[in-house]
Every structure is written in C-alpha cells, then in structure tokens.
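Subject: Structure for your review

Dear colleague,

Please find below the structure that I am handing over to you. My notes on what was found in it follow directly after.

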Amino acid sequence: MTMTPEVDFLLQDFEQRQPTGEGEALQALRRQAIETFTQLGFPTTKSEEYRYTNVAPIANAKLPTRLCSGAIVALPASGAALDSAARVVLVDGKLSVGLSQLDSTPDGVRIRALDEALSDEAVQARLAKSETLDKNGFYALNAAFARSGVVIEAANNVALEKPIRVIHVSTDTAAGTSGHIRHLLSLSRHSAQTVDEEYVTLTD
C-alpha cells in the first residue's frame with residue numbers, strides 16, 4: 001500500500017509503545033501484525049465486508065494509542081442493572097474493579113484484565129495462536145496494539161444461565177485517541193456462556 005502520513009504515524013506509535021515482559025511468540029505476533037497492516041491498510045468500500053461502511057474518517061486521522069483512563073464514580077444510565085452472572089466495566093479500556101461486579105462471578109469462572117493476564121505465558125500462547133491477521137487491516141492493527149480488555153475463562157462443565165455483561169464506558173479523556181480492545185474467551189469441555197457487550201459514551 002502507499003505509505004501515508006497517517007500510516008507512518010501508526011508505525012511510529014507502535015515502535016514507541018512496545019511493552020516489556022512479553023514472550024517471544026507474542027512479540028513476534030505483534031511485529032507480524034503491524035507488517036501485515038502496512039500491506040493491507042484500512043479496508044475500503046471495495047471490500048465486501050465494508051461495502052457500505054466508509055472508514056476514511058478513521059484512516060485519515062492521527063489517533064495515538066490511549067494510555068490513560070478517565071475517572072468516573074458511577075455508571076451512566078444503561079442496561080447495567082440487568083440481571084447477569086457478572087458485570088465487567090471498562091473505562092476507556094481499563095478495567096474498573098470498583099464499578100464492576102466481580103464478586104458475583106460463579107465458581108469455575110475467572111475474569112481478569114487483559115493487561116494483567118499478559119504476564120501469563122498460557123494467555124500469550126492463546127493470543128498468538130488465535131489470530132487471523134490477513135482478514136483485513138483492522139484485525140492486524142488490533143493484534144499489533146491490543147493490551148486492554150478482559151480474559152474470561154470457564155472450567156469444565158460450567159454452563160452459565162445468565163450472561164456476563166461487559167460495559168465499555170468512554171469519557172472525555174478518550175477523545176482523539178484510539179483504543180485497541182481484545183477479549184479472550186477460553187471455554188473448557190462442556191462449558192458454555194454468553195457475553196453481552198454494551199458501549200456508553202459520556203461525550204458526543
């Protein structure tokens with residue numbers, strides 16, 4: 001693809017934000033992902049999947065990776081009150097333990113923030129194994145940058161009747177930045193669960 005100032009900006013952002021402590025497989029995946037993105041670029045309306053979606057406002061913007069999260073003391077009016085097995089709240093991509101309801105998580109289910117779980121070699125291996133980088137540029141870009149989100153793991157024979165709710169809240173702090181969120185769901189034998197996601201913004 002033709003190198004544009006926006007793509008060059010993303011490459012510089014990638015180089016500046018490489019984390020320490022990640023295993024070789026995950027580091028190699030991120031390198032491969034950013035290289036794949038430079039080849040594919042952002043999808044266009046010529047792609048069947050984005051035939052009716054023009055992503056030019058994203059492709060033509062310089063959006064640095066989000067590093068900080070805004071602080072809120074309560075959830076805005078939303079479906080948060082709906083019955084669920086557990087509630088996970090991410091504020092600008094960062095897990096908010098205070099706003100989440102993790103103490104109700106059923107036995108046999110473990111929920112962790114992705115950035116904390118990335119120190120786990122098993123989690124790194126799963127991420128490195130589960131990628132489809134060349135589907136389109138967004139997949140590759142997410143794989144290159146993703147460090148926020150949640151890891152949800154279910155043990156054998158754990159079938160949840162109620163969904164796990166993941167609520168994404170965007171604050172003023174998130175304006176003009178990009179967030180690359182990744183959830184990793186790991187289900188063991190005969191386990192089953194539903195994950196509902198909701199997106200709430202506090203600004204226009």
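A residue counts as buried if its relative accessible area is under 20%. Please bear in mind that the model is a predicted one. By that cut-off H168 is buried, because its relative accessible area is 5%. H168 belongs to strand β5, which covers residues 164-170. Leaving aside residues up to four places away in sequence, H168 touches L90, I181, H183, E197, E198, Y199 and V200.

The next point concerns a pair of helices. Two packed helices are described by the angle between their axes and by the distance between those axes. Helix α2 (residues 24-40) packs with helix α6 (residues 137-145) at an angle of about 150°, and their axes are 8 Å apart. An angle over 145 degrees counts as roughly antiparallel, and α2 and α6 are therefore roughly antiparallel to each other. Their crossing is left-handed. On the α2 side, the contact is made by R30, A33, I34, T36, F37 and L40, while α6 contributes G137, A140, L141, A143, A144 and F145. Sorted by class, the contact of α2 with α6 has nine nonpolar residues, two polar residues and one charged residue.

I turn now to the aromatic side chains. With ring centres required to lie within 6.5 Å, the count comes to four aromatic pairs. One of them is formed by F14 and F145; the pair is edge-to-face, with 5.8 Å centre to centre and 85° between the planes. F14 lies in helix α1 (residues 5-16) and F145 in helix α6, so this pair ties together parts that are 131 residues apart in sequence. Both F14 and F145 are buried.

Y50 and F138 form another aromatic pair, which is tilted: the distance is 5.8 Å centre to centre, with 45° between the planes. This pair also links distant parts of the chain, since Y50 is in the loop between α2 and α3 (56-59) and F138 is in helix α6, 88 residues apart. Are the two residues buried or exposed? Y50 is buried, with a relative accessible area of 16%, whereas F138, at 22% relative accessibility, counts as partly exposed. Y50 and F138 also belong to one aromatic cluster together with F37 and F42. Of these, F37 is among the α2 residues in the contact with α6.

With kind regards

Terms used: Residues are numbered from 1 along each chain as its sequence is written. This is a predicted model: local features need pLDDT of at least 70, side-chain atom pairs count only at pLDDT 80 or more; totals for chains, interfaces and linings use all residues. Side-chain values use heavy atoms; hydrogens and water are left out. Helices (H or I, at least four residues) and strands (E, at least two) are DSSP runs, numbered from the N terminus. Buried means under 20% relative accessible area, exposed over 50%, partly exposed in between (1.4 Å probe, protein chains only). Contact means heavy atoms within 4.5 Å. Axes are lines fitted to C-alpha atoms, for helices over the stretch in contact, and angles run from 0 to 180 degrees between N-to-C directions. Angles under 35 degrees count as roughly parallel, over 145 as roughly antiparallel, 65 to 115 as roughly perpendicular and the rest as oblique. A crossing is left-handed if the near helix is turned anticlockwise from the far one by less than a right angle, and right-handed if clockwise. Ala, Val, Leu, Ile, Met, Phe, Trp, Tyr, Cys and Pro count as nonpolar, Asp, Glu, Lys and Arg as charged, and the others, Gly among them, as polar. Rings of Phe, Tyr and Trp (its six-membered ring) pair if their centres lie within 6.5 Å; planes under 30 degrees apart count as stacked, over 60 as edge-to-face and the rest as tilted.
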